[in-house]
Amino acid sequence: GERMKGFKIVDGDVSITDGNIDMAEDTELEIQTMKTVLKTSKGEDVFDETEGINLRQILSKGATADMVKTQIKNGINQVDKNYTIEDFDYSVDKITRTATTKFTARKTDGLAISISNSYN
């Protein structure tokens with residue numbers, strides 16, 4: 001099929017090597033896009049108000065791993081519906097008030113990816 005291409009993002013900025021913008025392709029681009037979606041609060045992107053997840057659910061006092069997993073699943077499925085979450089870990093550091101999610105998602109063709117994000 002057609003290869004997906006986009007700018008490679010590192011720490012929120014376009015990655016440049018020797019004056020050329022680095023490109024991310026296929027799986028790398030998908031992971032990058034998922035990370036962006038998972039950090040976007042739904043309605044925050046003026047160009048696409050459906051993009052993103054309900055970050056309040058992740059950061060609320062009563063958040064449960066199931067609630068968080070549902071949001072993460074919604075987020076990755078906005079990028080590609082063919083992924084299912086296999087391993088999911090959610091932890092909260094009460095001192096730094098940071099929630100961390102780590103998960104592995106597997107595509108129907110067998111490819112597995114791992115993503116971890118912190119929220120505060």
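Predicted model: local features only at pLDDT ≥ 70, side-chain atom pairs only at ≥ 80, totals over all residues.
**Pockets and ring contacts**

The lining of the largest pocket comprises six nonpolar, two polar and four charged residues. Strand S7 contributes the most, with three residues. The lining residues are Ile 58, Leu 59, Ser 60, Lys 61, Ala 63, Tyr 90, Val 92, Asp 93, Lys 94, Arg 97, Thr 98 and Ala 99. The charged residues among them include Lys 61, Asp 93, Lys 94 and Arg 97.

The second largest pocket holds about 240 Å³ of space. Its lining is formed by Lys 8, Ile 9, Gly 12, Glu 28, Ile 31, Gln 32, Lys 35 and Thr 36. Helix H1, which spans residues 26–39, gives the most to this lining, with five residues. By class, the lining of the second largest pocket has two nonpolar, three polar and three charged residues. Ile 9 and Ile 31 count as nonpolar. Lys 8, Glu 28 and Lys 35 count as charged.

A charge does sit over a ring, however: Lys 39 lies over the face of Tyr 119. The distance from the ring centre is 5.3 Å.

Technical notes:
Residues numbered from 1 in each chain as written. Heavy atoms only, no water. 1 Å grid on protein atoms, 1.4 Å probe; cavity = no way out; pocket = protein on both sides within 12 Å on 5 of 7 lines; lining within 4 Å. Helix = DSSP H or I, 4+ residues; strand = E, 2+ residues; numbered from the N terminus. Points joined across faces, edges and corners; volume = space filled by probe spheres on them. Lys NZ or Arg CZ within 6 Å of the ring centre and 35° of its normal.
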